[in-house]
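Dear colleague,

Here is the structure I promised to hand over, with the sequence alongside. Please open it first and keep it in view while you read the notes that follow.

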Amino acid sequence: MDAYMRFIRFKRSSEMLMVSGQSGVGKSALVYHVQQHITELGGLFLCGKFDCFRQMEPLSAIIVALTDFCNQTSTEGEENHHQVKNALQEIVGSTSDILRDVIPTISRPFHTRQSDSVVIGANEAKYRLENAFRLFFRLITPPGQSIVLFLDDLQWADLLSLNLMKSLICDPKNKSLFVIGSYRNNEVHEAHPLVSHLRDIKNKGIKITEVEVDNLSRENVNELISDAIHSPSYLTQSLSTIVQRKTNGNPLFVLQFLKLIYDEGHLYFQVDANKWLWDISMIELKEVANNADGLIWRKIMQFPIETQHVVKVMACVGYECELWILGALVIGGFIQDEALACERAGIFHSTIQGENDIANGYFLRAYSSYEKWGAYCKAHHVRKQYSLHKYV
């Protein structure tokens, strides 16, 4: 927060704040903690997150950040809406075509008009793209205020996003942009593109403040546990020592390990004594995943089968998804599985016993499920193949 306060006080040029650390140490939580303070000071906070499985999608995090901005603007007050719309049409001009192609939702709040398409080379296209985004960021900055762009998980950023980030932060006509980036320092080596881009930004005279978020010390863990269970810190020393040793002080692992031993009854509240107690010998036997992926996997495996199916579908979509889309995908998958299972059960019973009520019951359920799924050709096939016309 000190870096941001210094930035808005002087505004000599745009600045960057890079937050690094291993997964689970709380980099994103730290940034979102100061978000409220930034907005209270009149700053505009935009955020986007890069995804390990979407690295082939150029500008994914930046598109998410600006899409959210456009959606928010379309629901804001009429005066602010028209102010931004008119400024966009006046300043951006023909480059709005580029923005609309990259951010389709920009057409909703601003109603930009499309000009005739022109075939251009790769270098010219790159220049126009960067210029369009520069103009757009100058536009959406509140008068006399600043705009904060938070890009999470930069270790997975594509090359085009890194180039655009550098272009935006080095724009000499925009001194109101404050970029916050976070990345896993154990996944960014010297040859990583992020390192070379940050070096180029520094060489252009842009100030970069670096903050490394580390694991918690034993004293920090003891303070956290003491606050969590409302017990004096001198009484929680034995518990915090073992928790810190098993989790290495990783905040995510600490919280999940505490939840684990609580769920299994090794950390419990004794009503008669009116205090928290724990079983050190049983806690010693517990193992902790050595990384965030292992921890998440163990938690997922504890979910019901149906919930695991939802998580699998969500993982195929990305790190975020509209609830109605997820619902449609999940329900469709369940119906599809039910239809296939019922048809196979009907075939089994009819093969063993010939045509009978049990087999026909399964075929009817398969027919109904195929119709719900929208597979009408398959439903018609089941109806005809298994002579269901007398039932349907």
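A residue is called buried when its relative accessible area is under 20%, exposed when that value is over 50%, and partly exposed in between. At 4% relative accessibility, L59 therefore counts as buried. You will find L59 in the loop between strand 2 (44–49) and helix 3 (60–74), and, although L59 is not a glycine, its phi is positive, at about 60 degrees. Please bear in mind throughout that this is a predicted model.

As for the chain as a whole, it holds 18 helices and 7 strands, and 43% of its 392 residues count as buried. If you take the contacts between residues at least 6 apart in sequence, 69% of them join residues at least 24 apart.

Let us begin with helix 1 (residues 2–10), where A3, Y4 and F7 are buried. Seen down the axis of helix 1, these buried residues fall within an arc of 95 degrees, so they line one face of the helix.

Helix 10 (residues 218–228) packs against helix 11 at an angle of about 125 degrees, and their axes are 9 Å apart. That angle makes helix 10 oblique to helix 11, and the crossing of the two is right-handed. On the side of helix 10 the contact is made by R218, V221, N222 and I225, while helix 11 contributes Q237, L239, S240, T241, V243 and Q244. By type, the residues of this contact of helix 10 with helix 11 divide into 4 nonpolar, 5 polar and 1 charged.

The loop between helix 10 and helix 11 contains H230, which has a positive phi of about 55 degrees although it is not a glycine. Is H230 buried or exposed? Its relative accessibility is 72%, so H230 counts as exposed, whereas L59 counts as buried.

Helix 11 (residues 237–247) also meets helix 12 (residues 251–263), for their axes come within 10 Å and cross at roughly 120 degrees. This makes helix 11 oblique to helix 12, and helix 11 passes helix 12 in a right-handed crossing. Helix 11 takes part through L239, V243, K246 and T247, and helix 12 through F253, V254, F257, L258 and I261. The residues of this contact of helix 11 with helix 12 comprise 7 nonpolar, 1 polar and 1 charged.

Finally, please turn to Y268, which is found in strand 6 (residues 267–270). With a relative accessibility of 34%, Y268 counts as partly exposed. Leaving aside its neighbours within four places in sequence, Y268 is in contact with K275, W276, L277 and W278. Y268 and W278 are 10 residues apart along the chain, and their C-alpha atoms are separated by 6.3 Å.

Methods
Residues are numbered from 1 along each chain as its sequence is written. This is a predicted model: local features need pLDDT of at least 70, side-chain atom pairs count only at pLDDT 80 or more; totals for chains, interfaces and linings use all residues. Side-chain values use heavy atoms; hydrogens and water are left out. Axes are lines fitted to C-alpha atoms, for helices over the stretch in contact, and angles run from 0 to 180 degrees between N-to-C directions. Helices (H or I, at least four residues) and strands (E, at least two) are DSSP runs, numbered from the N terminus. Angles under 35 degrees count as roughly parallel, over 145 as roughly antiparallel, 65 to 115 as roughly perpendicular and the rest as oblique. A crossing is left-handed if the near helix is turned anticlockwise from the far one by less than a right angle, and right-handed if clockwise. Contact means heavy atoms within 4.5 Å. Ala, Val, Leu, Ile, Met, Phe, Trp, Tyr, Cys and Pro count as nonpolar, Asp, Glu, Lys and Arg as charged, and the others, Gly among them, as polar. Buried means under 20% relative accessible area, exposed over 50%, partly exposed in between (1.4 Å probe, protein chains only). The arc is that of the directions from the helix axis to the C-beta atoms.
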